[in-house]
Amino acid sequence: MSAPAATSMGFAKLRKGMRARIVSIASSSEALQRIQEMGLTVGTTFRVVKVAPFGDPVEIDVRGYRLCLRRAETQGIEVEAIS
Amino acid sequence: MSVSAVVAPVTSPSQTRLVAIVGNPNAGKTSLFNALTGSSQKVGNYPGVTVEKVSAELKLEGERIDCIDVPGLYSLAPRSEDERVAADVILGKCTDLSKPDLLVCVLDASNLERNLFFYSQLADLGIPLLVALTMVDRIERDGRRVDYARLTNLLGAEVIPVNGHKAKGMVVLKEAIAKNLAAPRIPKLELGGPDALEGKIALLRERLARIGMDVTSGEVRESLFDPSEEMQLYLSDFPEVREAFDEAKAIAAIEPAQAPPADTATRYQWAGMVQRATVPQPVEGRQRPLTDRIDYVLTHRVFGLGVFLGVMYLVFQSIYTFSQPLMDLISKGFSFVGGLIGPHLENVPILKSLAVDGLIAGVGSALVFLPQILILFFFIAFLEGTGYLARAAFLMDKLLGWCGLNGRAFIPLLSSFACAIPGIMAARVMPDSKSRLATILVAPLMSCSARLPVYLLLIGAFIAPYGPIWAGFALFAMHLLGLLVAIPIVWFLNRGVIKGKRLPFLLELPPYQWPRWRDVWLAMYFRAKVFVTTAGTTIVVMSILIWGLSFFPRSNEARARYQTEVTRRNPSASQDVIDHHVQEQELAHSYLGRFGKGIEPVFVPAGFDWRITTAILSAFPARETVVPSLGIIFSLGTDTEKDPKALQQAMRDARWPDGRPLMTPLTAVGLMVFFALCCQCMSTLATVKRETNSWKWPVFMFTYMSLLAYLAAVGIHQIGSRI
């Protein structure tokens, strides 16, 4: 895994069509543990497929399936954009 | 090499053996359970919780087996009540079930990686496992093939494809269940630890698996310093294997081996390895071309919302229109039965009234909701089966999320505008029990179709004289009121009343598919059955209770006295007029009527006299009865439906003892608001009892709604009469 510090950002900042890799997940709250159990572990890459009409939730393509998450509930997940 | 152990069956032959069907949500678990067991399912509740228990008996080679459909799980670490129950069933900690003898794990072949994460947790339990692989058609459609032999090998369990849930697949699955019960296999997975060495070993295993060599991590560890001939061949031929091998060897030289419990990342690493080794990957971005094309429209920010509104309108309109003739038919049927039975009991008036007014009318008032339940659950099962329900939740989540609900709440809330009962039952589309309970508790605030006659009566009498625009506005406002009141109530409930932690809203969007008609039909059938058996019995008991309160006490002497009262005042009174007067007086002197008079002072601040109060009280079992009740109380007989104008006139003419008009437009608004907010429907309460598995919540609902209705009515009268 490459050194991410310079380019990392919060999950909530992602926009439609972006690809990203999870760089770090803050100390596991129960909510973040559940999100990891859905396959979003450190190092996982995913693609933002769509954003719902009112700005939330966000649909992502991860591990071959589609998952929707609310931006506010991803606090603690740092990602880096990849091309 | 095998990663499973065949062990001897442990159960005593006297006990019925238990097979639990487990798996992720959306993996096709319920569909498989339906195909396996059909309509022989039993629907109940787990003790003490709101989670529904679905079980069935299965005949296998002459032996009767209990089969249970465990609620869908993403992980064995329970985070909600439902998940705790599911985990308890699997672990054998559920008090009314034995420990499962076999777990049939349903894995979605088209979403294998995430499904395998859950499988890896199951495999740690030491319970015999059998795998049913679903959605294989999605893989095979674009020419890919599942490597069953390697999958069986890597999972340490027999893998049965159950494509399309056809009868043939079920026969094979049943045979496999019988075989695995006789000779159980307990998988032992090689997951590897989270430390650096295990990571490198897993990477090496993954790269070896990709070129067709399955090895355990123990074998890799041994081979690091003493590679086999075969391994040496791979090392020289494949540079990526060499790379991983060297890295692992470098770490192994400085770090002693250890085996801590596997964490989430390690499990996913294993799951990814197994998936890549057994199911060829589709071309990037081409996994689901049809679904993506449909979603371009259905989750589009403009078109998506348009389609959503259209679909919801169709559902709502269907409940409203299609159920009406059926409901009329049921009502007529029960009146007809009452009419048949009545004459036979003419000599025993108490029995006649109990049978006709209590029992038959009570059962009828409950069964009348059946068409709405069936129609709503047809749509829910159909939309859920296609995958559209998840899309609708995606579109609506932001609108419902801020007050503590989530996108899935729109179906129960919207259907409650037709009738709260199917709406409350529909709240089970919400996976977490906290938001489900919040939705159930506010669903009856939505203005249901049974409130409509009251609005029409009162608006017609007191608002319509100001013009049709005001009348239309009043009707619209009455329907909006419940929704506006519900939002702050949910906010409040989530902060004080409903215990439990908030879970993140995680929503999977499965590929679109055509629903299986068997699943749609069974969903409708079981909802109807549950309603008739459990809610129905409560409703009958309560009907008889309310009937008793409005019937007793009565005597022939009193009856004769009421008759002479009329004939003294009006010697030429017709039999109809006499009967109405007797009915009115008997109701007024019943326990219910006396209670109405007794608590008249309570309702005077809202501008209601004893007549309105008694009508309100008599409408608590079912608000539909209020218009006939008002008819009786305002001495017009029960045929008010034929002549609503007469009742409207009588209400306008009614006076307080001091001569003031009883009802003004303000009183009418107060009364309508009272009806909009009050919980006057025992079928609703019985349904809430059944769905929450406790009397606590129906009692709470009844109390808060009645208080709210009363305070609103008093507020409107007190403030309104001072302006």
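This is a predicted model: local features need pLDDT of at least 70, side-chain atom pairs count only at pLDDT 80 or more; totals for chains, interfaces and linings use all residues.
View 1. Strand β3 (residues 45-51) of chain A and strand β4 (residues 58-62) of chain A run antiparallel and are joined by five bridges. Strands of a sheet pair through backbone hydrogen bonds, in either the parallel or the antiparallel sense.

**View 2. An open sheet of seven strands with antiparallel pairing.** The strand order is β1(A)-β6(A)-β2(A)-β3(A)-β4(A)-β5(A)-β10(B). At the edges are β1 (8-10) of chain A and β10 (507-508) of chain B, each of which pairs on one side only.

**View 3. An open sheet of seven strands in chain B, with mixed pairing.** Its strands follow the order β3-β4-β5-β2-β6-β7-β8. The edge strands, β3 (42-45) and β8 (158-161) of chain B, each pair on one side only. On average, neighbouring strands of this sheet are turned by 30° against each other, direction ignored. Helix α3 (residues 112-123) of chain B packs on the sheet, where this helix touches β2 (17-23), β6 (102-108) and β7 of chain B. The direction of α3 makes about 165° with that of β6(B).

**View 4. Strands β7 and β8 of chain B.** Strand β7 (residues 129-134) pairs with β8(B) in the parallel sense over four bridges. Within this region, B:L133 stands opposite B:P161 of β8(B). Helix α6 (residues 167-182) of chain B lies across β2, β4 (52-60), β6, β7 and β8 of chain B and runs at about 165° to β8(B).

**View 5. B:M672 in the largest nonpolar core.** This core has 212 residues, of which B:V131 and B:M672 touch the most other members. With residues up to four places away in sequence left out, B:M672 touches B:V454, B:Y455, B:L458 and B:M478.

Note on methods. Residues are numbered from 1 along each chain as its sequence is written. Chains are lettered from A and ligands numbered from 1 in the order in which they are written. Two strands pair if DSSP finds at least two bridges between them. Helices (H or I, at least four residues) and strands (E, at least two) are DSSP runs, numbered from the N terminus. Axes are lines fitted to C-alpha atoms, for helices over the stretch in contact, and angles run from 0 to 180 degrees between N-to-C directions. Two residues are in contact if their C-beta atoms, placed from the backbone, lie within 7 Å. A nonpolar core is a set of buried Ala, Val, Leu, Ile, Met, Phe, Trp, Tyr and Cys residues joined through C-beta atoms within 7 Å. A residue is buried if 20 or more other C-beta atoms lie within 10 Å of its own, exposed if 12 or fewer, and partly exposed in between; C-beta atoms are placed from the backbone.
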